[in-house]
Amino acid sequence: MSLNLKLEFSGGAELLVNKVKNHDITLPISSKLWTLRGLLDWIKDNLLAERPELFIQGGSVRPGILVLVNDADWELLGELEYELQDNDHIVFISTLHGG
Amino acid sequence: MSLNLKLEFSGGAELLVNKVKNHDITLPISSKLWTLRGLLDWIKDNLLAERPELFIQGGSVRPGILVLVNDADWELLGELEYELQDNDHIVFISTLHGG
Amino acid sequence: SVNSEPTLDNEEIARYSRQLILPELGISGQVKLKNSRVLIIGCGGLGCPAAIYLAAAGIGCIGLVDFDEVELSNLHRQIELRLHGYCIKACVSNLFIRLNSRASCIPYHLALTSENAYQLIEKYDIVLDATDNVATRYLLNDACILTGKPLVSGSALRFEGQLTVYNHNGGPCYRCLYPKPPPPETVTNCSDGGVVGVVPGIIGGLQALEAIKLACGLPPSFSQSLLLFDAFSTFRTIKLRPKQRNCVICGESPSITKLIDYEQFCGAKATDKDAGLNVL
Amino acid sequence: SVNSEPTLDNEEIARYSRQLILPELGISGQVKLKNSRVLIIGCGGLGCPAAIYLAAAGIGCIGLVDFDEVELSNLHRQIELRLHGYCIKACVSNLFIRLNSRASCIPYHLALTSENAYQLIEKYDIVLDATDNVATRYLLNDACILTGKPLVSGSALRFEGQLTVYNHNGGPCYRCLYPKPPPPETVTNCSDGGVVGVVPGIIGGLQALEAIKLACGLPPSFSQSLLLFDAFSTFRTIKLRPKQRNCVICGESPSITKLIDYEQFCGAKATDKDAGLNVL
Ligand SMILES: [Zn+2]
Ligand SMILES: [Zn+2]
């Protein structure tokens, strides 16, 4: 048993994960449930090439990154406490400021 | 038991169905299976206000209308023979020519 | 009285005939456009096409705020306003005379600041954020909350664009989504990150369209909703959180009741020399 | 030889610096844009913004085909080319000198016909369909299949727009999707149906973007895929059928091997007087 997720990084956040926008990952099912909090730890250990503080600060994503779960703002779903479901599509999008 | 469908008409096709783009409909489950062919008959009898020949010709949609099933061209799914599933989203889109 | 409402003359009916025959607009919608005042902050890759399409649609008064110097590298984005030469003020005036002789266009060749933003925005009905730096985006957000104006926010970088409408019909504001400013070292502008000019062009057009709908009293598409565009993929629409009860500017007990020092708040100058399209 | 490949001079490097620093483009992408030839059929609400953004991006040669007379009611769509006055030929030339002094812009003030389409299209790498009538859309499709050129097709009406790339990488052509022309009484043009000018503006910008990617050898977003836009809703991307084996022009045994009479085929004139933006 395992948990399959589609991760996506965009708006510049992909520059922190080897410039790759889409990552299909599989998390092992453990005794504890996987939450977005746990996923952030997993990303820190497995995907962030360098300077993790440009992505994670104070146990959450840094200011200016929006997290989307299946095309909805994570604030609507409990943020860090959201319990991941198989085949969830999680997007980390860096806000753009250019004009 | 019944079959719930979300119908959408756009690109001008909505002008043939009382100018309403979105129609949530329920089809009774009968002994026969519902196909897109059957749905076209149902639309002709239940939704088309007038001049049905501007929508249906020769047992199919008239030239210039594209049929989409869950965001895919119906040609990929068997066209008139496609067997409708509960909660399918069917779009009838009239091709635009303006520029 | 009814007579004080401007209506349309024959030239306007001819000019806007293709909009007038749309049942969603009609004569009454066109009159609403004529009576609307839209303020655009930033005349770069987003603001230029937005201004042109708003003028062409018949918006009665358009204010344009920019303090940018022309650079050669801006050319491929700031295409329209450059058609008549190199002075933004002159360009804008000429452009509006051609497009919509009845519109008044007010160019403000100035830096938007905490001192002048409230008075300026108060005179308009709808505000477009077409700026290129974080400090001005927070300033504009707060000024729109304090004055009660909807803010149509667009942004673009590299091959991507984003669009949303803040402060409309129970939807969130910029601070509801981003209570803390991003670390300055994570912010990239178009000079450093690059951009393909047509991407802000498309987003700027969409900003104009949202403003047109707001001006007519029609529902915007991207209130409490975020449009994402990736030129290598496609568009995606995201459902956003509602207005946050604890938001410091639009929440139930706001702690910010007048404009603050946004450069200090963001730890970054709005006048970053590298930001080719900043407005301060 | 390598020396025969044009490269970029210092002015071009300065002008396109914000595109050059994008890794997906770079110097080699910019050189490809400079060496590309794009033909735009129709200079209305779709073709004008597409032409401007293509010139601004550095496309080396742009051909513009239009035979339209200026009408007041076109103004709110055909905004850009009107900035310099009322003669399309003169406007286009002035515009390109400002935007991209190195580009050659070739205005064709003519009606595209079965007699001249093949020879014209053969000289270009990419074709944009920005026309306003069915007969010309079939003519362009067939001419692009016979000459082997990708066709970036845009259309707009009322508050809606559509975009797709035909004849690219195994994707379908216009006839694969629409083997039979629509009954003439079901076809509405912008004069009769109305349009909000910024809608074709957005679609025209997206056509330019697809052409830019094609010119650089980057994959387009909408080959075998259809982008739908509804100004009251949002964008939607549809997966389309592949090239059809039995297509009469691009299939395995094509029965059409040279251009035919498209007005007869469609039962409608391309020169419909009511179609303000037709090109024939
Ligand atoms: Zn707020
Ligand atoms: Zn074909």
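**Chain B against chain D**

Colleague: How many salt bridges are there between chain B and chain D?

Modeller: The count is 5, taking a salt bridge as a Lys or Arg side-chain nitrogen within 4 Å of a carboxyl oxygen of Asp or Glu. One of these joins the side chains of B:Lys21 and D:Glu160, at 3.2 Å from N to O. This is a predicted model, where local features need pLDDT of at least 70 and side-chain atom pairs pLDDT 80 or more, while totals for chains, interfaces and linings use all residues. Residues are numbered from 1 along each chain as written, chains are lettered from A in the order written, and side-chain values use heavy atoms, without hydrogens and water.

Colleague: And what area is buried between chain B and chain D?

Modeller: About 2600 Å², with 55% from carbon and sulfur atoms; that is accessible area (1.4 Å probe) lost on putting the two together, summed over both. B:Leu96, B:His97 and B:Gly99 supply 29% of what chain B buries there, more than any other three residues.

Colleague: How many residues are in contact?

Modeller: 31 of chain B with 41 of chain D, contact being heavy atoms within 4.5 Å.

Colleague: Changing topic, what is D:Leu54 in contact with?

Modeller: Leaving aside neighbours within four places in sequence, its partners include D:Val38, D:Ile40, D:Leu128 and D:Ile212.
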